[in-house]
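Visitor: Good morning. Could you take me through this model step by step?
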Amino acid sequence: MSTTPKRPSIGVVVYFAAMFSLGLYFTFASVQGDFGLFRRVQIDAEAASLALEKDRLAVEVASLENKTKRMSDDYLDLDLLDQQARDILGLIRSDEIALN
């Protein structure tokens with residue numbers, strides 16, 4: 001009896017080559033694909049950046065709402081506004097005459 005090593009059939013080689021190729025493809029796609037790990041890290045960083053911007057804009061909106069409230073008729077003292085406009089800006093009413 002001769003003991004010669006038996007070569008695997010071509011079907012087995014093709015099968016394992018195909019499985020290896022698919023394994024490589026899915027590994028690559030899971031790391032660098034549209035839904036892969038690198039994209040996930042990028043989306044998380046972008047979400048954190050957008051959350052900071054949202055907080056900054058919320059503070060700005062609150063400030064603007066406060067200024068708007070202070071300029072409303074319910075909050076604003078019109079006599080004080082008239083006095084400040086006269087003193088600081090040098091304004092007069094249209095029915096007044098300015099004497100220097």
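This is a predicted model: local features need pLDDT of at least 70, side-chain atom pairs count only at pLDDT 80 or more; totals for chains, interfaces and linings use all residues.

Visitor: How many helices and strands does the chain have?
Guide: The chain has 3 helices and 0 strands. Helices (H or I, at least four residues) and strands (E, at least two) are DSSP runs, numbered from the N terminus. Read from the N terminus, the order of elements is α-α-α.

Visitor: Is the chain spread out or compact?
Guide: The chain is more spread out than a compact globule, because its radius of gyration is 38 Å, well over the 13 Å that the globule rule gives for 100 residues. That radius is taken over C-alpha atoms, and the rule is 2.2 Å times the number of residues to the power 0.38. Along the principal axes, the C-alpha atoms fill a box of roughly 130 × 25 × 15 Å. As an example, the C-alpha atoms of tyrosine 25 and asparagine 66 are separated by 57 Å, and these residues are 41 residues apart along the chain.

Visitor: And what share of the residues counts as buried?
Guide: Of the 100 residues, 2% count as buried. Buried means under 20% relative accessible area, exposed means over 50%, and partly exposed is in between (1.4 Å probe, protein chains only).

Visitor: Let us turn to charges. How many salt bridges are there?
Guide: The structure holds 4 salt bridges. A salt bridge is a side-chain nitrogen of Lys or Arg within 4 Å of a carboxyl oxygen of Asp or Glu. Side chains of opposite charge can pair when their charged atoms come close.

Visitor: Which residue does arginine 56 pair with?
Guide: Arginine 56 forms a salt bridge with glutamate 60, and their closest N and O atoms are 3.5 Å apart. Both residues belong to helix H2 (residues 37-70), where they are 4 residues apart, about one turn of the helix. Arginine 56 is partly exposed at 48% relative accessibility, and glutamate 60 is partly exposed at 39%.

Visitor: Which residues are linked in a network?
Guide: Asp82, Arg86 and Glu96 are linked in a network of salt bridges. Aspartate 82 and arginine 86 have their closest N and O atoms 3.0 Å apart. These two are 4 residues apart in helix H3 (residues 78-89), so about one helical turn separates them.

Visitor: What about the other link, to glutamate 96?
Guide: Between arginine 86 and glutamate 96, the closest N and O atoms are 2.8 Å apart. This pair links distant parts of the chain, with arginine 86 in helix H3 and glutamate 96 in the segment after H3, 10 residues apart. Aspartate 82 is partly exposed at 30% relative accessibility; arginine 86 is partly exposed at 27%, and glutamate 96 is partly exposed at 27%.

Visitor: Now the surface. Which residues make the nonpolar patch?
Guide: Val12, Tyr15, Phe16, Met19, Leu22, Tyr25 and Phe26 make a nonpolar surface patch of about 750 Å². Patches are made of residues with over 30% relative accessible area and no salt bridge; like charges are joined within 9 Å, and nonpolar side chains (Val, Leu, Ile, Met, Phe, Trp, Tyr) within 5 Å. Accessible areas come from the Shrake-Rupley method with a 1.4 Å probe, and for residues only the protein chains shown count as cover.

Visitor: Where is phenylalanine 16, then?
Guide: Phenylalanine 16 is in helix H1 (residues 10-32) and is exposed at 54% relative accessibility. Tyrosine 25 is also found in helix H1, and it is exposed at 52%.

How values were computed: Residues are numbered from 1 along each chain as its sequence is written. Side-chain values use heavy atoms; hydrogens and water are left out.
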